[in-house]
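Here is a friendly walk through one protein model. Keep the sequence and the 3D view open as you read.

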Amino acid sequence: MTDHSDVDAVTGKSTTGHEWDGIKELNTPLPRWWVISFYLTIVWSIGYWVVYPAWPLIQGNTTGVFGYSSRADVAVELANLEKVRGDKMVALGAASLADIEKDPALLALARAKGKTVFGDNCAPCHGSGGAGAKGYPNLNDDEWLWGGTLDQIMQTIQYGVRSGHAKTHEGQMLAFGKDGVLKGDEIVTVANYVRSLAGLPTRNGFDAAKGEKIFAENCVACHGDGGKGNQELGAPDLTDKIWLYGSDEASLVETISQGRAGVMPAWEGRLDPATVKAMAVYVHSLGGGK
């Protein structure tokens with residue numbers, strides 16, 4: 001590489017004097033307007049740092065001369081929205097669930113409010129549309145662990161499931177394998193029997209009579225004769241092909257062996273009564289409410 005300033009003989013343009021393998025580096029400075037604009041943005045950024053919150057500190061951040069906060073703006077807008085809704089929310093809180101369903105204005109408000117609250121608090125588990133996921137019930141169908149009437153949904157939202165609240169729903173699927181109640185082959189047999197209740201295929205050589213006997217001795221107390229379930233205990237209907245943890249043999253064996261005891265938090269105290277009502281109305285309206 002040579003290093004000497006020159007003017008390219010072919011193009012007539014100034015070069016930096018750098019040349020690699022016959023390729024010369026042209027000396028083409030940035031346009032003056034671009035350079036000026038660049039320096040202006042630096043000046044602007046310094047002013048922005050002074051005027052607006054910009055620099056993180058050990059605790060908090062610089063607030064800026066204007067003391068502006070987008071979070072504070074959002075809080076003001078939400079407060080203004082609550083003022084607009086204030087009287088309506090008071091009316092919603094005072095009305096019974098039955099009255100809300102009869103009043104088109106209150107019903108529309110409850111569904112709109114409930115949808116927002118559901119998205120903020122329930123969607124992470126149940127999905128944005130309430131379709132559920134493995135271990136989290138689908139709220140769009142008409143099969144409910146703890147009941148699908150408006151009052152029952154309200155109770156579940158208020159007090160939760162195994163939440164520790166004094167009025168919570170209590171119910172637990174025992175760990176028949178882990179606790180040594182059933183042996184491995186017995187668990188496989190009763191798992192296939194449960195599949196047969198829903199009309200699902202069973203493995204070759206499955207002993208239906210033995211499966212029925214094991215089911216009667218260990219499962220009927222909660223799931224009822226024929227596996228129709230019991231909403232008082234949160235025991236699901238085993239005949240409807242709607243399976244919270246999967247219907248394949250391996251999933252059923254895991255459920256019977258390890259048990260299930262999912263928790264739903266109690267929303268009473270976290271949300272005001274009117275908001276809880278709104279969420280109950282919204283969940284009931286998803287398509288599965290009785």
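## A hairpin to start with

Glutamate 19 stands opposite lysine 24, a residue of strand S4. The pairing behind this is antiparallel: strand S3, residues 14–20, and strand S4, residues 23–26, are joined over 3 bridges. The hairpin of S3 and S4 leaves 2 residues between its strands, and aspartate 21 there takes a positive phi near 50 degrees.

The mean pLDDT of the protein is 89, with 95% of its residues at 70 or more. Among the elements, helix H8 (residues 208–218) has the highest mean pLDDT, 96, while strand S1 (residues 2–3) has the lowest, 48. Where pLDDT is low, the predicted coordinates should not be read in detail.

## Three domains

The protein is divided into domain 1 (15–62), domain 2 (72–168 + 264–287) and domain 3 (184–258). Taken over C-alpha atoms, the centres of domain 1 and domain 3 are separated by 69 Å.

Aspartate 99 belongs to helix H3, residues 97–102, and is partly exposed, with a relative accessible area of 40%. From aspartate 99 to valine 220 there are 121 residues in sequence and 39 Å in space, C-alpha to C-alpha.

## The second largest pocket

What lines the second largest pocket? Its lining has 15 residues, and those nearest the centre are Glu82, Arg85, Lys113, Val117 and Thr275. The space in this pocket is about 270 Å³.

Helix H2 (70–94), helix H4 (104–121) and helix H11 (273–285) each supply at least two residues of that lining. Of the contributors, H2 gives the most, with 6 residues.

A disulfide is a covalent bond between the sulfur atoms of two cysteines, and the cut-off used here is a sulfur pair within 2.5 Å.

Cysteine 222 counts as partly exposed, at 33% relative accessibility.

Most residues other than glycine have a negative phi.

Arginine 162 is one of them: its phi is positive, near 50 degrees, in a residue other than glycine. You will find arginine 162 in the loop between helix H6 (150–159) and helix H7 (184–197). At 23% relative accessibility, arginine 162 counts as partly exposed.

Lysine 241 is not a glycine either, yet has a positive phi of about 65 degrees. The loop that holds lysine 241 runs between helix H9 (220–223) and helix H10 (249–258). Is lysine 241 buried or exposed? Lysine 241 is exposed, with a relative accessible area of 51%; the threshold for that label is over 50%.

Conventions. Residues are numbered from 1 along each chain as its sequence is written. This is a predicted model: local features need pLDDT of at least 70, side-chain atom pairs count only at pLDDT 80 or more; totals for chains, interfaces and linings use all residues. Side-chain values use heavy atoms; hydrogens and water are left out. Buried means under 20% relative accessible area, exposed over 50%, partly exposed in between (1.4 Å probe, protein chains only). pLDDT is the predictor's confidence in each residue, from 0 to 100. Helices (H or I, at least four residues) and strands (E, at least two) are DSSP runs, numbered from the N terminus. Domain bounds come from an automatic or database domain assignment. Two strands pair if DSSP finds at least two bridges between them. On a 1 Å grid over the protein atoms alone, a cavity is a set of points where a 1.4 Å probe fits but cannot get out, and a pocket is an open set with protein on both sides within 12 Å along at least five of seven lines; lining residues have an atom within 4 Å of a point. Grid points are joined across faces, edges and corners, and a volume is the space filled by probe spheres set on the points.
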